[in-house]
Amino acid sequence: MSRTTTGRASGRAAPAPPAPARKRAPRRDAWTPWLYLAAPLALLVAFTYIPVASMVSYSLTDWDGVSPDSTFVGLDNYAQLFTRPELFGVFFVSLYYLAASILQIGLALYFATVLSFNVRLRNLFKGILFFPYLINGVAIAFVFLYFFQQGGTLDTVLRFAGVDTQFLWLGDPDLVNVSLAGVSVWRFMGLNFVLFLGAIQSIQPHLYEAAELDGANRWHVFRHLIVPGIKPIISLSVILAIAGSLSVFEIPFVITGGAGESKTFVIQTIKLAFQFNKTGLASAAAVVLLAIVLLATWIQRRLVPDERNDLV
């Protein structure tokens, strides 16, 4: 019997030769996201990172902001910021606004919780609370400039209530920062209110029904359901409050011009740069402000990690 006949009889087929390997063409889909990100990344680098790097380089020089020449002084500008009381003391003014921000967050969380339930005229109250945030900050400053004047609107209201109105709301060093911080509470509470309200309404309705069937009251719902459910939004509001309290500018600048004890860190920085021609020192102050905000954000993230709580 021949070999061919033997192979057919055994049922074995000869192996096919391997196909030649083909070169895989580069996938265009891998470059598509980078094409969409190219424009925003270019804008981010051009208008954020490059200016920050330039600001850091200016902070190491003695420059008036006008002349083409500058003198390298190293860390001397930073040493002046932390050793001269008139420069470093403005940090304590931010404590008033920080306390006001904490009060603002508490009030916004309270109103958002109350108005998330079925309350009469709740849409009207939502609009009233959010409306101040829509007004321009300069316009608000001018309104409260006349509101706090001696014999103005506030004194008139207090006089009708039988309260002594012999107060210099903007002239007394013990009252000026309290008055200005109160304006910031009135203006920015609407932003936190909307953030909290949207987060509360995103919680699944069946969780409220389950809590009601278990006999939970409103305080139990708030403590064990609402607060854990909106924890990331609360953390975001705290970060914004810290950054905002350190960078307050328009309200005290328009109302008092930073006079007396109302000078904030940003107002001092602007005056150093454009009034006293100390651009290097002003840049060092801006770098310190940026470092404090980043440090506060890092500490807050470490103490309260941004964890997503699964309430189901």
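Axes are lines fitted to C-alpha atoms, for helices over the stretch in contact, and their angles run from 0 to 180 degrees between N-to-C directions. This is a predicted model, in which local features need a pLDDT of at least 70 and side-chain atom pairs count only at pLDDT 80 or more, while totals for chains, interfaces and linings use all residues. Residues are numbered from 1 along each chain as its sequence is written, and side-chain values use heavy atoms, with hydrogens and water left out.

**View 1. The whole chain and its confidence.** The protein has 15 helices and 2 strands; these are DSSP runs numbered from the N terminus (helices H or I, at least four residues; strands E, at least two). Of its 312 residues, 32% count as buried, where buried means under 20% relative accessible area, exposed over 50% and partly exposed in between (1.4 Å probe, protein chains only). Contact here means heavy atoms within 4.5 Å. Among contacts between residues at least 6 apart in sequence, 67% join residues at least 24 apart. The average pLDDT, the predictor's confidence in each residue from 0 to 100, is 85, and 89% of the residues score at least 70.

View 2. Over residues 1–10 pLDDT stays under 50, and the model has 2 contacts beyond four places in sequence for them. Helix α1 (residues 3–10) has the lowest mean pLDDT among the elements, at 46, while α5 has the highest, at 93. Where pLDDT is low, the predicted coordinates should not be read in detail.

**View 3. Helices α5 and α12 side by side.** These two helices pack at an angle of about 150°, with their axes 8 Å apart, and are therefore roughly antiparallel to each other. Their crossing is right-handed, a term for a near helix turned clockwise from the far one by less than a right angle, left-handed being the anticlockwise case. From α5, Ser94, Tyr97, Leu98, Ser101 and Ile105 meet Ser237, Val238, Ala241, Ile242, Ser245 and Leu246 of α12. Take a look at Ser101, found in helix α5: it counts as buried because its relative accessibility is 10%. Leaving aside neighbours within four places in sequence, Ser101 is in contact with Ala241 and Ser245.

**View 4. Helices α2 and α15 crossing.** The axes of α2 (residues 32–58) and α15 come within 7 Å and cross at roughly 125°. That makes α2 oblique to α15, and the crossing is left-handed. On the α2 side the contact is made by Val52, Met55, Val56 and Tyr58, and on the α15 side by Gly280, Ser283, Ala286, Val287 and Leu290.

**View 5. The largest nonpolar core.** A nonpolar core is a set of buried Ala, Val, Leu, Ile, Met, Phe, Trp, Tyr and Cys residues joined through side-chain atoms within 4.5 Å. The largest one has 22 residues, and those with the most contacts inside it are Ala112, Phe193, Phe196, Val221, Ile226 and Ile230. Two or more residues come from each of α5, α9 (176–201), α10 (205–213) and α11 (218–229), with α9 giving the most, 6 residues. Zoom in on Ile226: beyond its neighbours within four places in sequence, it is in contact with Thr113, Phe117, Ile200, Ile203, Tyr208 and Val221.

**View 6. The covered helix α14.** In α14, 7 of the 10 residues are buried: Phe265, Val266, Ile267, Gln268, Thr269, Leu272 and Ala273. They pack against α4 (85–88), α12 (231–246), α13 (250–255) and α15.

View 7. Leu121 sits in the loop between α5 (93–115) and α6 (122–134); its phi is near 60°, positive in a residue other than glycine. Leu121 is exposed, with a relative accessible area of 56%. Asn277, in the loop between α14 (265–274) and α15 (279–303), has a positive phi of about 55° although it is not a glycine, and is partly exposed at 41% relative accessibility. Val66 is found in the loop between β1 (61–62) and β2 (71–72) and is exposed, with a relative accessible area of 69%. From C-alpha to C-alpha, Val66 and Thr279 are 9.0 Å apart in space and 213 residues apart in sequence.

Key. Angles under 35 degrees count as roughly parallel, over 145 as roughly antiparallel, 65 to 115 as roughly perpendicular and the rest as oblique.
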